[in-house]
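Hello,

Here is the structure I promised to pass on to you. Please open it next to this email, and then read on for what turned up in it.

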Amino acid sequence: MSSSESGENECMCWAAKDPSGLLSPHKFTRRSVTSDDVSLTITHCGVCYADVIWTRNQHGDSKYPLVPGHEIAGIVTKVGPNVQRFKVGDHVGVGTYVNSCRECEYCNEGQEVNCAKGVFTFNGIDHDGSVTKGGYSSHIVVHERYCYKIPVDYPLESAAPLLCAGITVYAPMMRHNMNQPGKSLGVIGLGGLGHMAVKFGKAFGLSVTVFSTSISKKEEALNLLGAENFVISSDHDQMKALAKSLDFIIDTASGDHAFDPYMSLLKIAGTYVLVGFPSEIKISPANLNLGMRMLAGSVTGGTKITQEMIDFCAAHKIYPNIEVIPIQNINEALERVVKKDIKYRFVIDIKNSLN
């Protein structure tokens, strides 16, 4: 590598150095752009609960120094000679994975998220053996397949949270045919994922009910996000009144919670999709079998559906509700994510604060 290249590949970032999860300024070297790669200057990066989990080694597999961030938006600065879909100056996004085998049945269907050899955007082992580093950084180099076109009139700071929070709810909503006007949707939990589920539900013409443990969310759920109904999930009378009334439920809650009270709110043959990660799922078989109900899980989405979701958001003017922060405030922001003190997604202004 020539010295000019090594300068070009140098990357400024904020990294966690140990399981305290405390982030501080750091530098490392990105790989050079190869024939199919896109290099982008990162302008914004969304803050996801995954950033808390891996900076603090909560799964026991964190590799330090760890650079989190998998809701990345930016501007193309360089493309490899074989790149077809992007040119310098394009607005582009990168989500939760940056590589896959490109030859299995899932990759062939644009479902790369399910590839057994998929590589996460940070703390993953890439095919060259290097540890991937995420979007809390000045630039990133990614194979064009795992980059998404962001329409030029869609704000980059709004695009960032679509790449994990948005797609995590959009993908299962489409897979389970929730885009049917007039049907009813329940959304459990009103955080980064939940508020996007409400927005998509409204765009699909659904009647949306929000379930929360916190009365403080009521005003925003109804007036800001436009849900038809708000229910405190611990209120047995409110819950009972909704028995067998919902076609679909999206459960975004990661804290441990009972499933049966919600399951009984589904109509016969209704669908319950879990996108959060509680420590266990406990459910009465009668609730499932007698109601002919379906319990399904989901993670983010393949490249095909992710691009479709970005285009859908641009066409329908759907924007996440965000709080933009400088990277210097990231440690405090992660603490607030743990406390659920955010409406509804932090986005780091990389462009104006990382230097």
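**A loop to start with**

Y344 sits in the loop between α12 and β17; helices (H or I, at least four residues) and strands (E, at least two) are DSSP runs, numbered from the N terminus. The peptide bond that leads from K343 to Y344 is cis, and its omega is near -10°. There is another cis peptide bond from Y64 to P65, with omega near -5°. P65 belongs to the loop between α2 and β4 (72–79).

Before we go further, a word on what you are looking at. This is a predicted model, in which local features need pLDDT of at least 70 and side-chain atom pairs count only at pLDDT 80 or more, while totals for chains, interfaces and linings use all residues. Residues are numbered from 1 along each chain as its sequence is written, and side-chain values use heavy atoms, with hydrogens and water left out.

**Helix α12**

Which residues of α12 (residues 330–338) are buried? They are I330, A333, L334, R336 and V337, where buried means under 20% relative accessible area, exposed over 50%, and partly exposed in between (1.4 Å probe, protein chains only). These residues lie on the same side of α12, because they cover an arc of only 160° around the axis; the arc is that of the directions from the helix axis to the C-beta atoms. Their cover includes β1 (10–16), β2 (23–29), α2 (49–55), β16 (322–325) and β17 (345–349). After α12 comes K340, with a positive phi near 60°.

**The cores**

A nonpolar core is a set of buried Ala, Val, Leu, Ile, Met, Phe, Trp, Tyr and Cys residues joined through side-chain atoms within 4.5 Å. The largest one here has 86 residues, and Y136, V169, L185, F200 and I330 have the most contacts inside it. Take F200: leaving aside its neighbours within four places in sequence, F200 is in contact (heavy atoms within 4.5 Å) with G166, V169, Y170, M173, M309, F312, C313 and I318.

**Helix α5 and what comes before it**

Is α5 (165–175) mostly covered or mostly open? Mostly covered, since nine of its eleven residues are buried. Among them are A165, G166, I167, V169 and Y170. The buried residues of α5 pack against β10 (184–188), α6 (192–203), β13 (246–251), β14 (266–274), α11 (303–316) and β17. N177, which follows α5, has a positive phi near 55°.

In the loop between α4 (156–159) and α5 you will find A160, which counts as buried because its relative accessibility is 0%. Beyond its neighbours within four places in sequence, A160 touches H44, C45, G46, E71, A73 and V347. S158, in helix α4, is also buried, at 8% relative accessibility. Outside the four places on either side in sequence, the contacts of S158 are Y319, P320 and I322.

**Two exposed residues**

M292 is in the loop between α10 (285–289) and β15 (294–297). Its phi is near 50°, a positive value in a residue other than glycine, and M292 counts as exposed at 55% relative accessibility. K317, in the loop between α11 and β16, also has a positive phi, of about 50°, although it is not a glycine. K317 is exposed too, with a relative accessible area of 59%.

On a 1 Å grid over the protein atoms alone, a cavity is a set of points where a 1.4 Å probe fits but cannot get out, and a pocket is an open set with protein on both sides within 12 Å along at least five of seven lines; lining residues have an atom within 4 Å of a point. Grid points are joined across faces, edges and corners, and a volume is the space filled by probe spheres set on the points.

How many cavities of 30 Å³ or more does a search of the whole structure find? One. The largest cavity holds about 40 Å³ of space, and its lining is G95, T96, Y97, Y148, L163, I167, T300, G301 and T306.

The second largest pocket holds about 260 Å³. Fifteen residues line that pocket, and R30, R31, S130, V131 and T132 are the closest to its centre. β8 (139–143) gives the most to the lining, with three residues.

Enjoy exploring!
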